[in-house]
Amino acid sequence: MTLKPLILDVDGTFLRTDMLFETFWSAMGGAPIDTLRVAAGNLSDRARLKAELAALADCRVDLMPVDENVRDMAQQAAEQGHEVILASASDERLVTELAAHHGLSGRVFASDGVNNLKGEAKADALVEAFGERGFHYAGNDASDVAVWTKADDVIMVGDQPAARAALEDEGHAVTQLPGGWSWASLIKAMRPHQYVKNVLLLLPVIAAHNFGLSAFLPVLLAIVSFSAAASCIYLVNDLLDIDADRLHPTKRKRPFASGALPVKTGMFAVLGLAAVALGVAALLNAAFLGVVVLYMILSLAYSLKLKRMRWVDIATLAALYTIRVVAGAAAAQVYVTGYMLVFIFPVFVTLGCVKRLTELTLATSDDRLPGRGYGRPDRSDLLNVAGLGMFGALMVFFLYTFTEQARSLYPTQWLLWVAMLPIGGWLFRMVSLGYKGKQDYDPIVFAMRDRHGISLILFALTLMFYAAGLFQNAFGF
C-alpha cells in the first residue's frame, strides 16, 4: 500500500520566515534601485515579482530558520515511508534549493514566474497530482484553507479556531502545532534599550544652563521622535542584515534572523514608527523635522551601503551621534557651539572604533566581519584611530575652556582642566576594554552598565557643575 505524501507549505510553516520578503530585503541590500523598480512594476503580477526578486537576491536558503516542530514531523513521516514534498507560492528555484538542502523530495510545487501557486491554484495542482484527499497538508495561512479542504489529514501551524472547526466538521483529522509571533519579539527588535543614546539631545540645554520647562519639554518630545526614528532604522538594518546576522554568534538570535518575528510584521512596524517619528517632529518645528529627516536618510544610507565601507562607517556612526546634539538644539531652540559639535564627533569616532575592535577581538577567524569591511589584521589601525579620536576630543575641550562663552558659563576655569582627567580616563577605559574584547558589542549600551565608567563621567560632570557655580547657586555653598 502506497502511503500518502506529506505536503509542506514553506513560508510560515516549514520555514519561520517568508521567502518573498527575504528576497526583497536581500535584493535591497545589493541593488536597491533595481529592487524598487521591480517591486513597483510587478505588484499586480506576483509570480513574475517573485521570480525577478529571486534573480536579484543573494539570500542563503540554508540559513533560513526552520520550524523545529514541522521539521521533526517531516522526519518522522519520511522514516515511516511518506514522501515529504514542499509546496509553496515562493519562487520555484528557491523552493527546489531549500528542498535539496534539507534532504526532502526533489519534486516540488512552486510559483514559476507565470503561475502564482497560492490558495486555489495550489489546491488544484496538488489534486491533479495526487487526487482529492490523496495527500496530507501542513500550512499556516488563511489561503491554505483551500488546500486543507482537498487534503486528508490537516496539520495547522498556529491558531485558526474557525478554520479548524470547519475542517473537523468535514471529517478531516486536524493536528495543531504552535506558531505565530509575540509582541515581546517586536519590542526586542525595536531595541528600546538603545534609547539611552538619545539623552544626547539634552546636551545643548544643559551646556547652555537652560533648565526651564520651556526648554526641557520640547526636548522630551524630541527624544520620543528620535526613539521612534531609531527603532525604525534598527528594524530596517536588521531586515537588510538577516543573512549576516545568522552567521554571527549572538546576532543570530535577533527576532528576524531567528524567525521569532515575521519579516512582514517588521515592515508594517517600520511604516508605523516612521509615521510617529515624523509626526512628532512636525509638531515641534520645521528645523527639528529637517534634522530628523536628515538622520533617517543618513541612517538608511548607512544600512544600505556605508556600513560596508572601511572608515566611512565609523565616520557615519559618529555623525549620527553628533546629529542628535543638533536635534536637541533645534527642538529647544537654543544655540549650540561649534566646539561642542567638534568635541562630540571625535568622541564617537573613538567609540565607533571601540565597537569594531570588540567585534574583531571576539571574532573566531581573520576573515572580514560579515557585512563589514574589517578583519582582525585591522585592529592596530582601529586602535590608532581611536587614540587620535581621544586626543582630538580632549584638545577641543581644552581649547574651548579659553573661549569667551566658556569663561562666562564656567567662572572657575581650572576645574574644567581637572575634568579633562576623568573624561580622558573614561575614553581610555572604553578603548582598552574594547581592544581586550571585554565589552558588549555596543559600546554605548556597555557604558550605561559600566559602574566604573559611570563613576568617571559623574565625577567629570560634578567638576563642570562646580566650575559653573551651579551647586553654589542652588545650595549656597
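These notebook entries record what I looked up in a predicted model.

**Entry 1: the sheet**

I began with the strands. Six of them form an open sheet, and their order is β3-β2-β1-β4-β5-β6. The pairing in this sheet is parallel. I then asked which strands lie at the edges. They are β3, residues 109–111, and β6, residues 174–177, each of which pairs on one side only. I also noted how far neighbouring strands are turned against each other: the average is 15°, with direction ignored.

Next I looked at one pairing in detail. Strand β1 (residues 6–8) and strand β4 (residues 136–139) run parallel and are joined by three bridges. In this pairing, Leu-8 stands opposite Ala-138 of β4.

**Entry 2: helices on the sheet**

Helix α3, residues 46–56, touches β2 (84–91) and β3. The direction of α3 makes about 95° with that of β2. Helix α5, residues 92–101, lies across β2 and β3 and runs at about 150° to β2.

**Entry 3: helix α14 and its contacts**

The axes of α1 (residues 19–30) and α14 come within 9 Å and cross at roughly 55°. That angle makes α1 oblique to α14. On the α1 side, I found Phe-21, Glu-22, Phe-24 and Trp-25; they meet Val-263, Lys-264 and Met-267 in α14. The residues of this contact divide into five nonpolar, no polar and two charged.

For α11 (residues 213–240), the axes of the two helices are 8 Å apart and the packing angle with α14 is about 155°. Angles over 145 degrees count as roughly antiparallel, and α11 and α14 are therefore roughly antiparallel to each other. Their crossing is left-handed. The contact includes Leu-221, Ala-228 and Leu-235 of α11, and among its α14 residues are Met-267, Ala-274 and Val-280. I counted the classes of residue in the contact of α11 with α14: 20 are nonpolar, three are polar and none is charged.

**Entry 4: helices α17 and α18**

How do the axes of α17 and α18 cross? Helix α17 covers residues 338–362 and helix α18 covers residues 379–400; their axes come within 8 Å and cross at roughly 160°. This makes α17 roughly antiparallel to α18. The crossing of α17 and α18 is left-handed. The contact of α17 with α18 comprises 19 nonpolar, four polar and two charged residues.

**Entry 5: an aromatic pair**

Last, I looked for aromatic pairs. A pair of aromatic rings is described by the distance of the centres and the angle of the planes. A search of the whole structure finds 13 such pairs. I examined one of them, formed by Trp-311 and Tyr-374. Their ring centres are 5.7 Å apart and their planes are at 85°, an edge-to-face arrangement.

Where do these two residues lie? Trp-311 is in the loop between α15 (286–304) and α16 (312–332), and Tyr-374 is in the loop between α17 and α18, so the pair ties together parts that are 63 residues apart in sequence.

Key
Residues are numbered from 1 along each chain as its sequence is written. This is a predicted model: local features need pLDDT of at least 70, side-chain atom pairs count only at pLDDT 80 or more; totals for chains, interfaces and linings use all residues. Side-chain values use heavy atoms; hydrogens and water are left out. Axes are lines fitted to C-alpha atoms, for helices over the stretch in contact, and angles run from 0 to 180 degrees between N-to-C directions. Helices (H or I, at least four residues) and strands (E, at least two) are DSSP runs, numbered from the N terminus. Angles under 35 degrees count as roughly parallel, over 145 as roughly antiparallel, 65 to 115 as roughly perpendicular and the rest as oblique. A crossing is left-handed if the near helix is turned anticlockwise from the far one by less than a right angle, and right-handed if clockwise. Ala, Val, Leu, Ile, Met, Phe, Trp, Tyr, Cys and Pro count as nonpolar, Asp, Glu, Lys and Arg as charged, and the others, Gly among them, as polar. Two strands pair if DSSP finds at least two bridges between them. Contact means heavy atoms within 4.5 Å. Rings of Phe, Tyr and Trp (its six-membered ring) pair if their centres lie within 6.5 Å; planes under 30 degrees apart count as stacked, over 60 as edge-to-face and the rest as tilted.
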